[in-house]
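Here is a short tour of a protein chain, meant to be read with the model open beside you.

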Amino acid sequence: MNYYLIAGEASGDLHGSNLLKGLVAKDPDARFRYWGGDMMESVAPQLVHHYREGAVMGLSDTIEKAGKLLENLRECKKDIIEWKPDVVILIDYPGFNMKIARFCHSKGIKVFYYIAPKTWASRSWRNRRIKKWVDRLYIVFPFEIEYFESRGIPFTYKGNPLLDAVDTYEFSKPVEDRYIALLPGSRKGEISRMMPICMEIADKLGCKLLIAGAPGRSEKDYQIEGHPNVQLLFGRTYDILKYADAAIVNSGTASLEAALIGTPQVVCWSTSKLTAFVARKILRVLKNVKYISLGNLIVDRPVFKEFIQDDFNVTNVLTELSRLCGDNRYRSEMEKSYEEIRSRLGGRGASDAIALAMIDELKQNK
């Protein structure tokens, strides 16, 4: 079968690469074409477009890059029509991928959506569109089961693929010194907003700050000049998390990865004033969404601190890092909660199970 996959950011590239491995193993005659990144390209060579050329964060970034996004949409639609896939598999990245879902539906092309849009947190109106344009949703969080079931959206849940990514990784220590890890995100916008405050924090730390550079980014995206105790490494994110005394993590997939690896963490998130204003309006309506981090959402309580917008400041982060590094009881409680997060995600093998479920779905409808 011919599979066309679309991932628009680093986390989608990770999940897309593991899904590709599963599809290759379960469908030896599979042919692929995809939008993604380096990790997907390491599995299959048919990369059409790298995600770093189009990743955006929030409303203001979307407005700024509207022209490029429209150009990418036109290119993607044209490529899908010319290649004639059996199925288009959309991976997260809903701002772009929902438009592709609508297009494919209009052309009679089957659509699977892997890593569901987070409509339980915002933009619940997308549920109507998912139900109309997507043939099957593949969800990865246990709390999504009841939510999508109640909306009448066909879905499959086979666990979370991050367990496979973490548990099969071969760790090695990245540096000999003690350090605090910094994962400032993968999009250029979120990195540029995280770095100034984190460099102030670095100047006040009593140890090294080791930055996990994101795939698709370059050294110039990080502002580390003049900070001798700061080091930037690429391609070592899991190693950096594993051996850190604690981690400062931008909200997203990385915070869940830190929990699965077992790294004490504080989550920090900052965006433009326009995006923050819109987000606050949305969250006032969605009163059931109490956290921005996946780990906290999974167990429905604050396992680790979240500093958002104005609360993300030097004083708050340094105070929390001091507690994470110096309060053994506090660390121990966090580690116990990490075990609960891991348990709720189920066992390993999600990527292969999802690949097999997709293949079975396609065979049944041929």
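## A buried threonine

This is a predicted model.

Where does T156 sit? It lies in strand β7, which covers residues 155–157. Leaving aside residues up to four places away in sequence, T156 touches R136, L137, Y138, I139 and A357.

## The protein as a whole

Stepping back, the secondary structure of the protein amounts to 16 helices and 13 strands. With a radius of gyration of 20 Å, close to the 21 Å from the globule rule for 366 residues, the protein is as compact as a globular protein of that length. Taken along the principal axes, the box filled by its C-alpha atoms is roughly 60 × 40 × 40 Å.

Burial is worth a glance too: 56% of the 366 residues count as buried. As for contacts between residues at least 6 apart in sequence, 66% of them join residues at least 24 apart.

## An open parallel sheet

Now find the sheet of 6 strands, which is open and has the order β10-β9-β8-β11-β12-β13, with parallel pairing. Its edges are β10 (230–234) and β13 (306–308); each has a single partner strand, so one side of each is left without a neighbour in the sheet. On average, and with direction ignored, neighbouring strands here are turned by 20 degrees against each other.

For a closer look at one pair, take β8 (residues 179–183) and β9 (residues 208–213): they run parallel and are joined by 4 bridges. A181 has L210 in β9 as its bridge partner.

Which strands does helix α14 lie across? Made of residues 314–326, α14 lies across β8, β11 (246–250), β12 (265–269) and β13. Against β12, α14 runs at about 165 degrees.

Helix α14 also packs with helix α15 (residues 328–344), at an angle of about 85 degrees and with the axes 6 Å apart. That angle makes α14 roughly perpendicular to α15. On the α14 side, the contact is made by E320, R323, L324, C325 and G326, while α15 brings in N328, Y330, R331 and M334. By type, the residues of this contact divide into 4 nonpolar, 2 polar and 3 charged.

Definitions and conventions
Residues numbered from 1 in each chain as written. Predicted model: local features only at pLDDT ≥ 70, side-chain atom pairs only at ≥ 80, totals over all residues. Heavy atoms only, no water. Pairing = 2+ DSSP bridges. Helix = DSSP H or I, 4+ residues; strand = E, 2+ residues; numbered from the N terminus. Axes fitted to C-alpha atoms, helices over the stretch in contact; angles between N-to-C directions. Contact = heavy atoms within 4.5 Å. Parallel < 35°, antiparallel > 145°, perpendicular 65-115°, else oblique. Nonpolar A, V, L, I, M, F, W, Y, C, P; charged D, E, K, R; others polar. Rg over C-alpha atoms; globule rule 2.2 N^0.38 Å. Buried < 20%, exposed > 50% of the residue type's maximum accessible area, 1.4 Å probe, protein only.
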